[in-house]
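I will go strand by strand, then turn to the helices.

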Amino acid sequence: MDGNHVCTLSFNVLINQGDKGLDHARCIKLGKKKCPIVANYVEVAEWLEMALRGAWQLQKLIVSYCDWGGSSRGIRAFMESNLPAFKENNPQLEVVTELIRGQHPHLKGLYKNKNQRVLCVKNLTQDDILLQATRLRNALGRKVVKLKTRHVTKHPSVQGTWTTDLKFEA
């Protein structure tokens, strides 16, 4: 097989095909890009696009910036160069720009489950802001839950959690 095929499904994994060759049903979605095939592996550098049950969770992205402040320099460059392409690549998403003078720039994501996430992007470059906007788009909008213990299980051990600090006295 050559590396010039276009893949169709949306997975972001490293697949070992062994001697069977490349199975097109398990390819990686790269849009119109070519899949790099190296020694029977398919490698992908893109992040997995997150959707819950096939529906994008981010409904609205609000880009807030100041037209005068120096901390908004990166977001103004992002709005000129990257934002139109970001809107075009994400037609399911409503993108709104908001001028707030005298405040640091931020991105606000409003999700279908009525949650919102706000990311401060002061003094970031336009590439970093694009990465943050993509992370907001890929997130499911769930609240972050702090775990009470490092070890989470439905059936805890009767003898207790195993530890390396066990000392035997002879």
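I started with leucine 58 and looked for its bridge partner in E6, which is tyrosine 111. I noted first that this is a predicted model.

**Entry 1: strand E4.** I looked up both neighbours of E4. Strand E6 (residues 106-111) is joined to E4 by six bridges, and the two run antiparallel. Strand E5 (residues 94-99) also pairs with E4 over six bridges, but in the parallel sense. There I checked lysine 60 and found its bridge partner in E5, glutamate 94. In general, strands of a sheet pair through backbone hydrogen bonds, either parallel or antiparallel.

**Entry 2: burial.** Is E4 enclosed or open? I see that six of the eight residues of E4 (residues 58-65) are buried, so the strand is largely enclosed by the rest of the structure.

Entry 3: I followed E6 to E7 and found five bridges, with the strands antiparallel. Lysine 108 has valine 118 as its bridge partner in E7.

**Entry 4: the whole sheet.** I wrote down the order as E5-E4-E6-E7, four strands in an open sheet with mixed pairing. E5 and strand E7 (116-120) are the edge strands, each pairing on one side only. From one strand to the next, the twist averages 15 degrees.

**Entry 5: helices.** I looked at helix H1 (residues 73-81), which lies across E4, E5 and E6 and runs at about 125 degrees to E4. Helix H3 (residues 126-138) packs on the sheet and touches E4, E6 and E7. The direction of H3 makes about 15 degrees with that of E6.

Conventions. Residues numbered from 1 in each chain as written. Predicted model: local features only at pLDDT ≥ 70, side-chain atom pairs only at ≥ 80, totals over all residues. Heavy atoms only, no water. Buried < 20%, exposed > 50% of the residue type's maximum accessible area, 1.4 Å probe, protein only. Pairing = 2+ DSSP bridges. Axes fitted to C-alpha atoms, helices over the stretch in contact; angles between N-to-C directions. Contact = heavy atoms within 4.5 Å.
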